[in-house]
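Here are my notes on this model, as numbered points. Please read them with the coordinates open.

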Protein chains: 2
Amino acid sequence: MTQRRRWVEYAESLKPQLEAIPQSPVSIVRPVSDSDCFLRWRMDVEANGTDLSKRLFRKGDQFILDFEGHRTGNLEFHLVGEGRSVDSPVRLKLTFGEVPGDVAEPFHPYRGQLSSAWLPEEIITIDFLPQKVRMPRRYAFRYVKVEVVDTSPNFGVRFFDVKAIALTSAPGQPAMLPAGTSDWIVRVDQVALATLRDCMQTTFEDGPRRDQRLWIGDLRLQAQASYVTFPNHDLVKRCLYLFAGLPRESDGFLPACVFEKPTPSTTDTFILDYAALYGAIVLDYARATNNIATARDLWPVAHRQLEILFQYVDEQGLFQIPKGYWAFIDWNVKLDRSAAMQGVIIYSGRRLCELAELTGNTAQIKTYSALLDKMTKVAHEKYYSSDLKVCISGPDKQVSWASQAWLTLAGCLSKEEASEALRRAVFEDKTSIQPATAYLYHHVTQAMIECGMRREALQLIRKYWGGMVEAGADTFWEAYDPNDSNFSPYGDVHINSFCHAWSCTPTYFFRASRLIE
Amino acid sequence: MTQRRRWVEYAESLKPQLEAIPQSPVSIVRPVSDSDCFLRWRMDVEANGTDLSKRLFRKGDQFILDFEGHRTGNLEFHLVGEGRSVDSPVRLKLTFGEVPGDVAEPFHPYRGQLSSAWLPEEIITIDFLPQKVRMPRRYAFRYVKVEVVDTSPNFGVRFFDVKAIALTSAPGQPAMLPAGTSDWIVRVDQVALATLRDCMQTTFEDGPRRDQRLWIGDLRLQAQASYVTFPNHDLVKRCLYLFAGLPRESDGFLPACVFEKPTPSTTDTFILDYAALYGAIVLDYARATNNIATARDLWPVAHRQLEILFQYVDEQGLFQIPKGYWAFIDWNVKLDRSAAMQGVIIYSGRRLCELAELTGNTAQIKTYSALLDKMTKVAHEKYYSSDLKVCISGPDKQVSWASQAWLTLAGCLSKEEASEALRRAVFEDKTSIQPATAYLYHHVTQAMIECGMRREALQLIRKYWGGMVEAGADTFWEAYDPNDSNFSPYGDVHINSFCHAWSCTPTYFFRASRLIE
C-alpha cells in the first residue's frame, strides 16, 4: 500500500510542465455545404485572420476562425466594447471544432450515447469591458465559432489578439523524413505527428477532445511513436508509475485506464490484453532509455500481470477468456477474440521473459519458457488451418485480421505461413473480419512488417491513414469509415474524437521501421 | 487634468474590502402556480437545505434552493460524482432568482429591450470530479435553480456544501427600532435594510442584478440612509471622488453615472437634476462625518455644477430646461418637469449656500442668495395656483406629485400651501401624475414630513413600500405596479431588478426622521 502511494507520488513528481505555444487565427472562414468534400463542408476563406479586429459584432452576429491545424489548448482574446455606452455584459457562445461539421452543423438535438457534456460548446458572460478573456477549459480544435448572443443596443464588440494557446508535452520538432520520401508519406507523417503532439499532455491521452484518458493500450503505441519523434521519457515513466501505483488492491491486476484528474485514481475497467501488454511497455521504455533501474523497479508489476493471466491458460495451453472480463483487441463486435488473445498472451509472455533477462529476474519466470512454447504449439494446432492457410477462431472458424496479426506477432506462425495468412485475410477474403480501429490496423501493419510484407504494410497505411488525409484529416481520427463521414461508434458524429492517439503510429513505422518509399 | 486623475486614484484607494458572509440554503423548494400570490408563485418547501446532499442527481434532474433572503454575492459548492465510473464532465445550468418567477418561468423567448446578457443564467461544465465549484460571476438572488444538463450514463452527481457568499460593504447590524414600533414598520425597515446592504458593494450600486452602476441620484438617497443604518463614510467619500474625478472634460459638468469596472470611467449620460444635487450629497456627508476638509476639497466640483446650471435660469428667474439635456425627476413619461426642475435647482442652490458657509467659500457665491430668492418668488408666481391650491406645471397646467414635492422641498411654498397642495395632488386628485419610481416616492414623503404631514407620509410608506412587502418583497423593487406583477419598464419582467437602491429609504425616514408609530 505504502509503495503504491509512493509510486503515485513519484508519478506526480514527473508531471511535465506543458509548453504553451500561442498562435493567431490564420483566417476567417465560412462553411459551404459541398458533396465533393468527404467531410461534407468546404471552408471558404472570408478574410485574413488579422482582419478580425476590423469588424464590429452585434447581437446575432457570428464568425468562424481557422487556426489551420489542430490544437489542444486554451483560447484567449481581448474583448472591447464600442458604441454609445458599454452598459451591459456581453454573452457569447463559443463552439470548438476539430472538423468543419463541428462548427457548421448544430449539435442539437444530440443523439449520441456518450455524455453530451463532451460537446465542445460554451456560453460565457463577460461583465466588464474591455476585458481579457481566457476560456476556462482546455479544448481540441482547429476552428472556433463565436456567436454574439447579446451585447446591448448601445454597443458592439470587437475582438483583438485572439490566440490559441496550444499545449503539449511533446518536445521540439522531429527530424524530417529522408529527402526524396514520397509526398503522401510526408503528409501522413505530419498528420501523425500532430496527432501524437496534441495527445501528449500531462499524460498520454487517448484523445484531447473527449475522454482525455490514459489507457495502457494507447500508451504503448504512443510511447513507441514518441521514442522516434517526440521523446519525453519522463512522460512515459510517469504513466508507467501511475498504473503501477493504482492496481486492483486485492491482487495487483492493472486497470485498463486510470484517471489523472483531479487526482490520480484507479478504475474498475479491466482489459485482459491491456494488462498483459504492460510489461511490453516497460521493456520498450528500458530499451529506448537504457534506464534499467526503472524497469527493475516496475518488474514486479509487469510480472504480476502475467502471473494472473497465466491462471486462465488451460491444461492444453489455451488461454480461456475468463467470464466477466473484457478482451479488447479491437472495437469490431463481430470479432471472435480467442485466437488473437492467445497471441497477445504469448506475445506479452515473450516480452516479459526479455524484461526478466534485462532486469536480472529470470529466477522468477523459470517455468515461462516451457509454458509459452506449449501455448505457441497449441495455438498453431488449434488456430492455424493448413487447409485454408489462415488462422481461424471460434466455433465458426472465423477469419479475421486480428487473429492473423496477433498470432504472427506472437511468433506462432512461420514467416511464410504468416505472410500468406495476412495476404489472404487482408487482401483477398472479402468476408474476413476487419478492424474497426487504428489500434488493430497498427498491429496488422506491424505483423506485415515482421513477416516481410513491407510493401503491403505501406499499401495498408496509404489506404487507411492516407485515406484519412485525403478525406481532410489534420490529425488522425478515432473512427474512419471511408463510405460514411457521419459514422460514429456512439450514435452521433459530433461526439467523435478527431485526434485520437492510437492512430498516430504511421510515423513510428516510417521512422522506427524505416518503412518509406 | 492631473487633479482629476489624482481624485480617481484617491477614490480607488478607498475601495472597500467587502465582507463575505457564507450562508447555506435553508430549504429545497418547488414553485406552485398560485393566483393568490402577487408574485404568481407559491414556494412549497420540499425538504430542508441540509437534505440536499442526500440526493443523487442525474441528467435532466433539477432542484431549487432557497436562501430565505436576498443575497448579492457568489455561489460555491462541492460537486461529487457517484456511480460506476465518473467518466465525463458534468454540465449544469444555473438560474439565479430574486423572486419565484425567475426560477419558475422560462426566460426565453425574451421580449425585453435591455440586453438579454443580464438574464441571470449560466451553463457551466465541470471537467473533473470531485471538484469545488465557484461560480465565476457575482449574482443577486434568493433562489438558485440547478439543472443537470448531463452527466454520463455511468454516474450521477451529489452537491455538498452549497454556499451563498453574500458580499457587502455595509458594516455590522443597525440598531433595532424602538420597542413597540408597529410590526409593519419593523418589516418594511428590515426589507429596506436588506436592500441597502445588498446594494452597498465597492460603490453604492443602483441594483446588484442589473446595471450595478453608480448614479448621483441613487447615491444621494443611499448615502442618507447609510448614515443612520450602515455607516460607511469612506464608501460615500469614494463615490463622491469618483464623480469629482470623472466630469465632462470641457467644463467640469458631472455625468449622471460612472462605470466603476473594469476601471473607473465616465459616461456621456447627463441628468440636470442629478448634477445639481451633487453639492447636497457633499453637504450631507460633511454633516454626517464632520469631515470639513473633504467638503472643502470637493467644493469646486459642487460649485461648478450650479455655475453651469444657473446659466439656464432666464431673466425672470425661471430655470429653462436646455435642449438636448435630460431632466429626470422620475420615470413617468407623462410628467411635465418644469416646476419640479425649478424646485430642484432652488433646493440645490440653497444646499450649496450652506456648503459654502461650512467650507468658508461664501465669497464665491455672493450673488446666489438674491438669485435664489428671485427664483423662489417666481416659482410661486408661475407654478403655484392659488385658485387650485396646487402647483401646476407646463402648458396644460399639469398637476403632479413631483411638482408639489420639489417646490415644497425648495421652500417655495408656505407650510400651509405645501401641505394643502400635497394633500390634494396625492390623496384627492385622481388625475394627478403619480410617481413611477421609489425615487420620487422618496421626495414626496420627504416633502410631506417637512410640511408637517407625518401621518400622511407614514400612510404613503405603508401603501407603497408596505404594499411591496405584503406582495412578497425581500428587498425593494425597481418597479412595482400593485395591479400587475408582470409590469416591466423594459418589456419583460424577468429583466426587472428586485433589489433597487433608491427604494431603500423607508429606513431613513424611520430612523433619521423618527417617522414611526
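1. Helix crossing, H1(B) and H5(B). The crossing of H1(B) and H5(B) is left-handed (the near helix is turned anticlockwise from the far one by less than a right angle; clockwise would be right-handed). H1 covers residues 2–13 of chain B and H5 covers residues 233–245 of chain B. Their axes come within 8 Å and cross at roughly 155 degrees. Axes here are lines fitted to C-alpha atoms, for helices over the stretch in contact, with angles from 0 to 180 degrees between N-to-C directions. H1(B) is therefore roughly antiparallel to H5(B) (over 145 degrees; under 35 is roughly parallel, 65 to 115 roughly perpendicular, the rest oblique).

2. Basis of the model. This is a predicted model: local features need pLDDT of at least 70, side-chain atom pairs count only at pLDDT 80 or more, and totals for chains, interfaces and linings use all residues. Residues are numbered from 1 along each chain as its sequence is written, chains are lettered from A and ligands numbered from 1 in the order written, and side-chain values use heavy atoms, with hydrogens and water left out. Helices (H or I, at least four residues) and strands (E, at least two) are DSSP runs, numbered from the N terminus.

3. Who touches whom in that pair? On the H1(B) side, the contact residues are Arg4(B), Trp7(B), Val8(B), Tyr10(B), Ala11(B) and Glu12(B). They meet Lys237(B), Arg238(B), Tyr241(B), Leu242(B), Ala244(B) and Gly245(B) of H5(B). Contact means heavy atoms within 4.5 Å. By class, this contact has 7 nonpolar, 1 polar and 4 charged residues. Ala, Val, Leu, Ile, Met, Phe, Trp, Tyr, Cys and Pro count as nonpolar, Asp, Glu, Lys and Arg as charged, and the others, Gly among them, as polar.

4. Helix crossing, H10(B) and H12(B). H10 (residues 401–409) and H12 (residues 438–450) of chain B have axes that come within 8 Å and cross at roughly 50 degrees. The two are therefore oblique to each other. This crossing is left-handed. H10(B) contributes Trp401(B), Ala402(B), Ala405(B), Trp406(B), Thr408(B) and Leu409(B) to the contact. Residues from H12(B) include Leu440(B), Tyr441(B), His443(B) and Glu450(B). The contact divides into 9 nonpolar, 3 polar and 1 charged.

5. Largest pocket. How much space lies in the largest pocket? About 1300 Å³. A 1 Å grid over the protein atoms alone is used: a cavity is a set of points where a 1.4 Å probe fits but cannot get out, a pocket is an open set with protein on both sides within 12 Å along at least five of seven lines, and lining residues have an atom within 4 Å of a point. Grid points are joined across faces, edges and corners, and a volume is the space filled by probe spheres set on the points. Of 50 lining residues, the closest to the centre are Trp331(B), Ala436(B), Thr437(B), Pro489(B) and Trp502(B). H11 (415–428) and H13 (454–470) of chain B are the elements that give two or more residues. H13(B) supplies the largest share, 4 residues. The lining has 25 nonpolar, 12 polar and 13 charged residues.

6. Second largest pocket. Its volume is about 1100 Å³. It has 46 lining residues; Ile124(A), Pro136(A), Ile124(B), Arg134(B) and Pro136(B) are the closest to its centre. Two or more residues come from each of S6 (121–126) and S7 (131–134) of chain A, and S6 (121–126), S7 (131–134) and S8 (139–150) of chain B. By class, the lining has 21 nonpolar, 10 polar and 15 charged residues.

7. Cavities. The structure holds 4 cavities of 30 Å³ or more. Of its 14 lining residues, Trp118(A), Pro120(A), Arg138(A), Tyr139(A) and Arg209(A) are the closest to the centre. The second largest cavity is about 70 Å³. Its lining includes Phe38(B), Trp477(B), Asp481(B) and Phe498(B).

8. Backbone points to check. Most residues other than glycine have a negative phi, and most peptide bonds are trans. A cis bond joins Leu129(A) and Pro130(A), with omega about -5 degrees. Lys261(B) to Pro262(B) is also cis, with omega near 0 degrees. Asp211(A), not a glycine, has a positive phi of about 80 degrees.
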